Amino acid sequence: MVYGILRLINFAHGDVFMWSGLIMVYLVTVLPMWLSAIIVVIFAVVLGTTIEKVAYRPLRSAPRMSIMISAIGVSYLLQNFALYITGGLTKTYPSISWLQKTVTIGTATTKMVTLITPVLTIVLVVLLVMLIKYTKIGMAMRAVSRDFETSSLMGIDINRVITVTFIIGCGLASIGSILYFSNYTGINPMSGAMPGLKAFVAAVFGGIGSIPGAVVGAFVIGICENLIKGAGWTTFSDAFTFVLLIIILMVKPTGLFGEKNLDKV
Amino acid sequence: MGTKLNNKHKAVLSVICIALFLVLVYLGDIMIRPGSSMKMLITVIEKGSIFALVAASMNLLNGFTGLFSLGQAGFMLIGAYTYAIFTIPAASHDKVYQYFNGGVIKWSIVEILEGRLGIVGHYLGMFLPMLLAGIVVAFVGFLIGIPVLRLKSDYLAIATLGFAEIIRAFFQWNTLGPITNGSNVLRKYTTYNNAIFPVFIAGICIAIILLLINSTYGRAFRAIRDDEIAAEAMGVNLFKHKEMSFVISSFFAGISGALLAMFQTTISATPFTTVMTYEILLIVVIGGIGSITGSIIGAFLFTAASEWWLRGLDAGRWLGISSDLMRPGFRKVVFAILIMLIVLFYSRGIMGDKEFSWDGFFAWWKNRPAAIKAWPAKRRAARAAKKEAFALKAAARSRAKQSKQENEARKASGEALFTPLPVADHVIVFDKEGK
């Protein structure tokens, strides 16, 4: 999402993800579950917009490489700060009883979270697609992702659009983190890095700028990874994601549902 | 000091400086006893020179050819393993590869050559695996480069990052255990015994990189960085030059990996994550993208800061300030904030894209900032002032001594030391006065 608009790998996205997980761990000790979940989402949004304001906005006109370096710097800072706060220990994510409830459908028994995740994903995706297709801000987003300069000439406030993008992106990341860490309960400062990169791979796989594509990509990656783990090649499950990325980039750089991009001289 | 030096003089000057540095490092490592706080300096020099090499190799790629590659940690990993695998003494194999029946390779290049050639063979035996590490990594870089280098900026970054992760997974794969020891550490392999070794090797490699950059190839690289399409139009074979830059960069990353293996004395695949690549990248940025000198300075500053100067932040006391905030990990937070500040407000780094040169140095010296220029005079003035103050004090002391002597003499002769004040009605006279 963020990548589609900004054409920028947000290396810090995974760390926003990790931080919202971490905040959840701390908040749950003092607040009721539903309240802390809401606060977590707000926190992630604030964090994301702050990052955007501090680290990306001043560099908007700078070359691509400096923005990426800045993104890496932010990611480094967030990870180290998390390391400082937690002391490098793996924290256990609070179990949300409602999500952990076992459900029985027919003969299959599973946890609520396993059931909720795809449903919630689909709902959010539909909402997002509608937002992008039918609202004014969505139209602005599409315009910005096409061409920065022209869209600013057309009277679109680029900064506002990008901020909104970050708000949505980070909000979704925090919701994702609630679901993710309910399944994988261990959380440490590095646990954001891998999902962040995988999310990027998924976005590339599905085609940059296409949200359904990203979802399909993510599902494919997730399924393949579990198949590989099932086959007993656990060491390679992370590596596989990147193999997939490289193959995609070789064969069809625009991804499954991507738009064609031509290089202008 | 001559303002214009000819090339010969410059070369001699450089050689003298480098030789002096090497001798100092050598003596430093011998003289400084372990446990003394200055030992840290040697550690910093060792690690700094290793990182200087890998940063220079990354700079060749990112700063000179304009390829934003993030695979450096993976390449270092291969280099480190290649070196370690071939230099574990035969006797230690059973211990190191305890879960893999002593491993496949039951010999060590160092021992074979040492047996034949003695001490010369020992160093040759260390040098050859290192070279081999470089070549293996260069070959891997070659293979990776073929698909990856066709990609554009951010895709290239993420694809190289991906390859680094794949490499790491590969080395932790248990099936390869007889060679790589799976996810267990490799240890007991031959290492150097004086800090001069990594400094020397890294120095030679960096010199080669510098020569390369100033050659026609280097110019082609820079042309690609500045404008790919224009470079292609001018007859630069894009892919060939990109691949070349990539392979050369991997080669030196491999050698630095081998040096890192020696520095650490044990090696495992776990620390060679993307974070390590990020750190190398940050070194390059601190020093200045497109400046090898900058990378060297950046590497030493980075290691010195993270290993030495900011240590106190973790221990709770730093520069005399102590605070509850300072507990383990605080150092890294401060460090990361510093780096962010550099990235945001000083993005050209220390050296920008300029290199160190004697001409530049002398020019800088001639137009040196007023503070530095004024420093010798200030120092002289301070010394003079100190001297004067001392002289004044001495004079006062001698005067005091003299008057005391006089008083003694007067006392001895019965003379009244103080003349009584005239007593008047309106003046209160204390008892103590007079006598």
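Among contacts in chain A between residues at least 6 apart in sequence, what percentage join residues at least 24 apart? The figure is 70%, where a contact means heavy atoms within 4.5 Å.

## Basis of the model

This is a predicted model, in which local features need pLDDT of at least 70 and side-chain atom pairs count only at pLDDT 80 or more, while totals for chains, interfaces and linings use all residues. Residues are numbered from 1 along each chain as its sequence is written, chains are lettered from A and ligands numbered from 1 in the order in which they are written, and side-chain values use heavy atoms, with hydrogens and water left out.

## The two chains

Chain A has 12 helices and four strands; helices (H or I, at least four residues) and strands (E, at least two) are DSSP runs, numbered from the N terminus. Of its 265 residues, 48% are buried, that is, under 20% relative accessible area, with exposed meaning over 50% and partly exposed in between (1.4 Å probe, protein chains only).

Chain B contains 18 helices and four strands. Buried residues account for 46% of the 435 residues in chain B. Among contacts in chain B between residues at least 6 apart in sequence, 74% join residues at least 24 apart.

## The interface between chain B and chain A

The contact involves 46 residues from chain B and 44 residues from chain A. The buried area is about 3,900 Å², with carbon and sulfur atoms giving 80%; this is the accessible area (1.4 Å probe) that two parts lose on being put together, summed over both. In chain B, the residues that lose the most area to chain A are B:Asp154, B:Tyr155 and B:Ile158, together 17% of what that side buries.

Helices α6 (119-148), α7 (153-171), α13 (274-287) and α16 (330-345) of chain B each supply at least two residues of the side that touches chain A. The largest share, 13 residues, comes from α7(B). By class, this side of chain B has 34 nonpolar, six polar and six charged residues; Ala, Val, Leu, Ile, Met, Phe, Trp, Tyr, Cys and Pro count as nonpolar, Asp, Glu, Lys and Arg as charged, and the others, Gly among them, as polar.

Between chain B and chain A there are zero salt bridges (a side-chain nitrogen of Lys or Arg within 4 Å of a carboxyl oxygen of Asp or Glu). One residue pair, both at pLDDT 80 or more, is in polar contact between the two chains. A polar contact is a pair of N or O atoms within 3.5 Å; within protein, one must be able to donate a hydrogen and the other to accept it, and residues adjacent in sequence count only if both atoms are side-chain atoms.

## Nonpolar core

The largest nonpolar core has 147 residues; such a core is a set of buried Ala, Val, Leu, Ile, Met, Phe, Trp, Tyr and Cys residues joined through side-chain atoms within 4.5 Å. Residues with the most contacts inside it include A:Phe11, B:Leu53 and B:Met130. Helix α12 (residues 238-264) of chain B gives the most to this core, with 12 residues.

B:Ser49 is found in helix α2 (residues 39-64) of chain B and is buried, at 4% relative accessible area. A polar atom of its side chain lies 2.8 Å from the backbone oxygen of B:Glu46.

Over all chains, the structure has one salt bridge. B:Arg225 forms a salt bridge with B:Asp226, their closest N and O atoms being 3.2 Å apart. B:Arg225 is partly exposed at 30% relative accessibility, and B:Asp226 is exposed at 58%.
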